[in-house]
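Keep the viewer open as you read.

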Amino acid sequence: GWAIDLHPCDGVFSDKPGCTQWHSKGVYQIPYRCLYSRNVTNLFLAGRIISASHVAFGSTRVMATCAHGGQAVALAAALCQRRHLKPREISAAPFIEELQRDLLRAGQSIPGVPLNDPENLARQTIITASSELKLSRLEPSGETLPLADSWGMMLPVLAGPMPQVEFTVDVVASTTLRAELRASSKPENHTPDVTLAALDLSLVPGEAQKLPLRFDARIDMPRYVFVCLLRNDAVAVHLSEQRVTGVLAVCHNANKAVAKSATQTPPPGIGIDTFEFWTPKRRPGGKNFALRISPPLEVFGAANLSNGLSRPTSQPNAWVADFAHEQPALKLVWPEPQKIARVELTFDTDYDHPMESVLMGHPERVMPFCVQSVLVRNTAKSRAPVMRPGAGAAAKGSGSRISIANGSNGYGNGNGGDLDEQLVVEVVENHQSRQSIRFDPPITTDSLELRLVAPSSNVPAALFEVRCYAK
């Protein structure tokens, strides 16, 4: 997903600019055929040396992309060993699907390819939640943002009539404010290059004015839309401290580090799009607008946990609890007892935050969307005797403190004292995107409960996926 960052072919002595940058409207795939030699039958290529043209290399050579290519090659090499294949043979079905499944299981994202995993026992269960966010409002904080630039709220909506969105504004002089409803030309992209409807709103001076936006537009499919307020020096919009996974504010302006203006305008005929940049601001900036939405956005259900997508795409693809629920619970119920050796959880460690370079840092040590505490309970109707530490039970996880406990864990059980006698795995101080909890030995159950603690009063608990495996 990096920009095309071109350096001249003839090096530092070239009379051409040392760096020319062009951006795309979305991310792209790197074909598997770039990762193996065309004439050395057992040779893989990874990192900066993959097969790419000079222009493509301007994007593929950055370190995060190289790391993902290295992961792809490593799992492809393992597949070659397991299936007795040469690198080229993986490019055909069914082996390319097996490689993609291995990569998606490990946490890599492949644009347009959801995880189809027959070994994931969570696909056979009914997942219910104690609450699901129906986004109807983001509460005002008292802070305002002058519209010195154009701003928009990215909102995930379903097909059908566009919901009404209401902002609150302060106006210092009589003016006409332009509001636009935009979308991306491709639903999986996040560039507001298509205007669906527009409103010109006559405003008079006054504070805390309600600004209901009723766009006469129908949404063709589940996708993100951008509710935009164009630049107007007489208007300031009220902000909110509340944040939600998959919902964010974006600004139309230029990042001088990577662009010369707020609109990319390439020379004709070079195959690069002309479009406006609308990007998030790094925190502590980039706060959401205070708003009301009618009808509420109902896109954060527990069904998202098993849809095979573990980050926002054309929808958030996350279960999100209600703001009022400090310790929401998820329950997985199977029709028959299952052997569970491993539970995989994927958290939101800030997929929306711009991170042009690790040198720029973050204003927090812990990403504000990341759930740090999770309790896993075996809530089987008929369960085996409880295993306690030192009695053959163990749990392992990645990058956090994980323990098996019984009884006093600081969570309200909400289901009576019987839960105090059940196997409990507690994850605390989690800061990772992926958490793998392993049971040794495996447990047999027809019901598991996951109880999560909301990251803060302004950020509800969220989870992208839960997967369960027998081994």
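Predicted model: local features only at pLDDT ≥ 70, side-chain atom pairs only at ≥ 80, totals over all residues.

Residues are numbered from 1 along each chain as its sequence is written, and side-chain values use heavy atoms, with hydrogens and water left out.

**Cores**

In soluble globular proteins, nonpolar side chains tend to be buried together. Here a nonpolar core is a set of buried Ala, Val, Leu, Ile, Met, Phe, Trp, Tyr and Cys residues joined through side-chain atoms within 4.5 Å. Buried means under 20% relative accessible area, exposed over 50%, and partly exposed in between, with a 1.4 Å probe and protein chains only. The largest such core holds 45 residues, and Phe-167 and Leu-229 have the most contacts inside it. Leaving aside residues up to four places away in sequence, Phe-167 is in contact (heavy atoms within 4.5 Å) with a list of residues that includes Met-153, Leu-211, Val-227, Leu-229 and Phe-289. A second, separate core has 34 residues, among them Ile-340, Leu-345, Val-425 and Cys-468.

**Aromatic rings**

A pair of aromatic rings is described by the distance of the centres and the angle of the planes. Rings of Phe, Tyr and Trp (its six-membered ring) pair if their centres lie within 6.5 Å; planes under 30 degrees apart count as stacked, over 60 as edge-to-face and the rest as tilted. Searching the whole structure turns up five aromatic pairs. Two of them are set out here.

| Pair | Distance of centres | Angle of planes | Class |
|---|---|---|---|
| Tyr-32 and Tyr-36 | 5.2 Å | 45° | tilted |
| Phe-275 and Phe-277 | 5.5 Å | 80° | edge-to-face |

Tyr-32 and Tyr-36 are both buried. Phe-275 is buried too, with a relative accessible area of 7%, and Phe-277 is buried at 11%. Phe-167 comes back here: ring pairs link Trp-151, Phe-167 and Phe-289 into a cluster.

**Helix H3 and its cover**

Helices (H or I, at least four residues) and strands (E, at least two) are DSSP runs, numbered from the N terminus. Which residues of helix H3 (residues 95-105) are buried? They are Ile-96, Glu-98, Leu-99, Asp-102, Leu-103, Leu-104 and Arg-105. Their cover includes helix H2 (63-83), strand S25 (434-452) and strand S27 (465-469). After H3 comes Gly-107, with a positive phi near 110°.

**A cavity**

On a 1 Å grid over the protein atoms alone, a cavity is a set of points where a 1.4 Å probe fits but cannot get out, and lining residues have an atom within 4 Å of a point. Grid points are joined across faces, edges and corners, and a volume is the space filled by probe spheres set on the points. The whole structure has two cavities of 30 Å³ or more.

**Asn-378**

Asn-378 lies in strand S21 (residues 374-378) and is buried, with a relative accessible area of 8%. Its side chain makes a polar contact with the side chain of Thr-445 at 2.6 Å. A polar contact is a pair of N or O atoms within 3.5 Å; within protein, one must be able to donate a hydrogen and the other to accept it, and residues adjacent in sequence count only if both atoms are side-chain atoms. The side chain of Asn-378 also reaches the backbone nitrogen of Ala-380 at 3.1 Å.

**Backbone details**

Most residues other than glycine have a negative phi, and most peptide bonds are trans. The peptide bond from Arg-283 to Pro-284 is cis, with omega near 10°. Pro-284 sits in the loop between strand S17 (275-276) and strand S18 (291-297) and is exposed at 63% relative accessibility. Pro-284 touches Arg-243 and Pro-363, not counting residues up to four places away in sequence. Another cis bond joins Ser-294 and Pro-295, with omega about -5°; Pro-295 is in strand S18.

His-84 has a positive phi near 55°; His-84 lies in the loop between H2 and H3 and is exposed at 71%. Asp-350 has a positive phi of about 85°, yet Asp-350 is buried at 8%.

Technical notes
1 Å grid on protein atoms, 1.4 Å probe; cavity = no way out; pocket = protein on both sides within 12 Å on 5 of 7 lines; lining within 4 Å.
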